[in-house]
Amino acid sequence: MPARRLFFGIALPEPIQQEIIRWRAGAFEADAGRPLPAASLHLTLAFLGDVSDEKALALSKQAGRIRQSPFVLNIDDAGHWPRPGIVWLGPRQAPRGLVQLADILRSQAARSGCAQSPYPFHPHISLLRNANRPVAMPSRHFHWQFTVERFALYHSLFEKGRMRYQSIESWPLTS
Ligand code: 3AM
């Protein structure tokens, strides 16, 4: 079986996905970028790249041994990265639990030979892609909050001209 493109991430609760896309519809110009579908809204913890089944299994086993408590995530910040063309939402202050979880997954991935970005972890939920031109950003009068109780391994598939993210396995955060 060929290698699959994988990443670890956090899913947003469905009601929050829906609220965000309703808000997004009025918050940006129609030509600001290509909106991600509600079900694709996620926060990436560690990007793994193309991974063989054998390596994916080893990484899953390590992920399953992580012991960490749930944490509260506030989504109260937004930004635009023109070069990769991403408009995103995220926390103004990343919770310690989130940073710890990403650090562990990123170092386990690096030890397994998955090249990791040299840039520091910047937690974000991509909202629009192909946003390479200046974007009029909405005022930050929004705030969503939820408790992160699980994280998951995702398969990133390119289907019918779009990316789709399929959860392969997920693990609870338990103290
Ligand atoms: O949706 P976000 O922005 O969280 O941009 C890709 C997406 O991030 C990112 O991994 C997530 C799932 O595809 N990604 C893709 N290629 C990447 C790379 N070479 C990458 N992140 C780091 N390095």
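Guide: Start with helix H2, where Ala 56, Leu 59, Ser 60, Gln 62 and Ala 63 are buried. Buried means under 20% relative accessible area, exposed over 50%, and partly exposed in between, with a 1.4 Å probe and protein chains only. An α-helix has 3.6 residues a turn, so residues three or four places apart point the same way.

This is a predicted model: local features need pLDDT of at least 70, side-chain atom pairs count only at pLDDT 80 or more, and totals for chains, interfaces and linings use all residues. Residues are numbered from 1 along each chain as its sequence is written, and side-chain values use heavy atoms, leaving out hydrogens and water.

H2 covers residues 53-64, 12 residues in total. Helices (H or I, at least four residues) and strands (E, at least two) are DSSP runs, numbered from the N terminus. From first C-alpha to last, H2 reaches 16 Å, close to the 16 Å expected at 1.5 Å a residue. The expected span is 1.5 Å times one less than the number of residues.

Now turn the helix over. The face away from the buried side carries the exposed residues Glu 54, Leu 57 and Lys 61.

What covers the buried residues of H2? The cover includes strands S1 (4-11), S3 (42-51), S9 (150-159) and S10 (162-172), plus helix H3 (96-111). Contact here means heavy atoms within 4.5 Å.

H3 returns the contact: its buried residues pack against H2, as well as S1, S3, strand S4 (71-75) and S9. In H3 the buried set is Gly 97, Leu 98, Leu 101, Ala 102, Leu 105, Arg 106, Gln 108 and Ala 109. Seen down the axis of H3, they fall within an arc of 160°, so they line one face of the helix. Arg 96 and Arg 111 are exposed on the other side of H3. Just after H3, Gly 113 takes a positive phi of about 90°.

Last, the record. UniProt places "domain: Phosphoesterase HXTX" at residues 10-88, in an unreviewed entry. Its positions follow the numbering used here, feature names are shortened, and annotations may be inferred rather than shown by experiment. Over residues 10-88 the chain is 33% helix and 34% strand. The end C-alpha atoms of that stretch are 15 Å apart.

How values were computed: Arc of directions from axis to C-beta.
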